[in-house]
Amino acid sequence: METLVFGCLAVTALTMGWLVFVLGSMARVTFALLAALVCVGGVTMLLGLPYLGVVLVLMTVMEMVIMAVFMIAYMMNPAGLMPMSMVHNRYGAMAIAAGVFLALAAGILLVPWPARPAGEPPADTTFQLGEALMGTQMLTMTVLGLVLLSTMVAAIVLATARGRYDRYGDRLERRVPRDPAAGGTGGAGR
Amino acid sequence: MTEGTAPAWAVVATPVLLTLLAMAARSGDALLAAREAGRPVTAGAALRPLLDIPRLLAAQPRRTPVLDRLLWRTGVLVVPVSAVLSVLVLPLGHGAAPAGLSVGVVWFNAMEVMTWAGLWLAGWAPNAAFALVGGYRFLAQALAYELPLMFALIAPATAAGSLRVGDIVAAQHGLWFVVWMPVAFAAYLLAVPAFAFFGPLRYPAAPDIAGGVLGEVSGPDRLMLTAGRWLWLAAGAAMAVPLFLGGGAGPLLPGWAWSLVKTLAVLAALVWAGRSLPVIRADRYLELAWVVLLPLTIAQALVPAVVAMAG
Amino acid sequence: MTLELVLLPAAGLFSLGLYGALSQQSIVMIMMGIELMIGGLITAAAGFWHFLAPTAPAGQVLVVAAVVAMAVEMAMGFAVTTAVYRADRVDMADMAGELRG
């Protein structure tokens, strides 16, 4: 039964992953990728990691919806109504990808994997993860936190074209910053 | 208590109960509308909106040019289906939940995030300007409500030391979480109409854009999407009870009855507030959510964390 | 289920993503390929944890790291796309040539 569910999830994930690079409509492309990643979350749950699986689903849904917005904002042909090719070096990429898959598959099938160790997995794997992140893996957790914080700062610096002189005036004389759009702490929309 | 498995019929009973709650909310809303309009507040006024169900099932669907039918149907179905899936982790009273997932709170959150995908698709797929504006409006609103909601959900889970909804109910033995987590409760209640795009937060489906995400959808699809809206309102009210209001705890009545009474009370309050408050624009709500609510909910989450450390 | 059975689809997802990342011109589509590759990695990491070291939490931490990598890749990818688009009105990797030596 477990194997059957896993097979369905794996086949769906691979099909959807393939459709990502076949479909024309950007909305469909994004949601094909979402379906593939939700299947990955399902596999993760099936393998006994319910917390990580559900979090993966939660995160990818939010990510993909935001991604759809960016795709449609930047792509020339977001709805795929005019068929056009947006690829380069297609056959080279195919050859490399096929080569990588064959090498990985050979490794997977040829390496003598060790047998499953005697110990049973803990009853609550979420607890195991939390204890590790707050204990032995504290350094990993701290680094991940710092990476996320610097990502937030860097992404905002890169994405915004306006600095404090645009917001507060050339002499920084405004008390309330002036922004083109409301929704922050600025003075627009009031 | 929380380890037991629910009987098989609970998998059917929970969705049926949720649907009944959603219908009750719809009828209550119609009664409030009748009172506002000066019409007689009768049983007929309460039942009239339910006539929409056969009417929409039989209606001829309207189509827009160059629509994306697959995505439209997906989006319209995702909203009610995820609402039903989200409540499967809720225990009825003191019993076990139909799906006693060890990560119930995260499951509810993940299902609620599914409405992001559903509503954006419902806005994008009909290839109509106002519907698309509605879809984008929901995303703006979603970015606003999601973070305070997440911290509001974390607070009771931290206090209980578990993500299982049944354990959270058990941890409130004696003192309901609403008493010492009022900020989290308020932030949660503010998020419920946001993901149900209802009342003051019906901005994605507001009348100024001709119904927004609901503007083009018709026939059975419209039934599904509007049902999803009311189902989510009911699901949000149902989740508030085990998280903050002690689940099935209460004197005299059995646990399941107390769960229902409390859910109905929360639902009634939400419907009444939805009728009484004006629509708030997403940019204003975003400012409120990120500048005011987010720091407050983080500070609120600190309280159970400190208590858990000390205790 | 066996470890090989889990690893093969993971390798498939990784290769599909690699093909996309190499062949697509649009920056956002390249990011989709990378997401798919990380999806394959997560599947493999979960498989390794389940079949080889279920008692050690480090395998789970690897999945967490991959999920964080996914989020960081998305945020920085969109930020770079926005910056490139704002500077040159370009959304294709071939046309963004400022760093070409």
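According to an unreviewed UniProt entry, the annotation "transmembrane region" covers residues 6-22, 34-52 and 58-85 of chain C. UniProt positions follow the numbering used here, feature names are shortened, and such annotations may be inferred rather than shown by experiment. Welcome to this predicted model, in which local features need pLDDT of at least 70, side-chain atom pairs count only at pLDDT 80 or more, and totals for chains, interfaces and linings use all residues. Residues are numbered from 1 along each chain as its sequence is written, while chains are lettered from A and ligands numbered from 1 in the order in which they are written.

**Annotated spans in chain C**
- Residues 6-22 of chain C are 100% helix and 0% strand, with 25 Å between the end C-alpha atoms. Helices here are DSSP runs (H or I, at least four residues), strands are DSSP runs too (E, at least two), and both are numbered from the N terminus.
- For residues 58-85 of chain C, the end C-alpha atoms lie 40 Å apart, and this span is also 100% helix and 0% strand.

**Annotated spans in chain B**
- The unreviewed UniProt entry lists several "transmembrane region" spans for chain B, including residues 113-136 and 285-310.
- Residues 113-136 of chain B are 83% helix and 0% strand, and their end C-alpha atoms are 15 Å apart.
- Residues 285-310 of chain B are 100% helix and 0% strand, with end C-alpha atoms 36 Å apart.

**Which chains touch**
- Of the 2 pairs of chains that touch, chains A and C have the most contacts. Two residues are in contact if their C-beta atoms, placed from the backbone, lie within 7 Å.
- Chains B and C do not touch, and their nearest C-alpha atoms are 15 Å apart.

**Where A meets C**
- This contact takes 68 residues from chain A and 58 residues from chain C.
- On the chain A side, the helices that each supply at least two residues include H1 (2-20), H2 (26-46) and H4 (90-110).
- H4(A) gives the most to this side, with 11 residues.
- By class, the chain A side has 51 nonpolar, 12 polar and 5 charged residues. Ala, Val, Leu, Ile, Met, Phe, Trp, Tyr, Cys and Pro count as nonpolar, Asp, Glu, Lys and Arg as charged, and the others, Gly among them, as polar.

**Where A meets B**
- Here 22 residues come from chain B and 24 residues from chain A.
- On the chain B side, helices H5 (104-124) and H12 (282-310) are the elements that give two or more residues.
- H5(B) provides the largest share of that side, 10 residues.
- The chain B side divides into 17 nonpolar, 2 polar and 3 charged residues.
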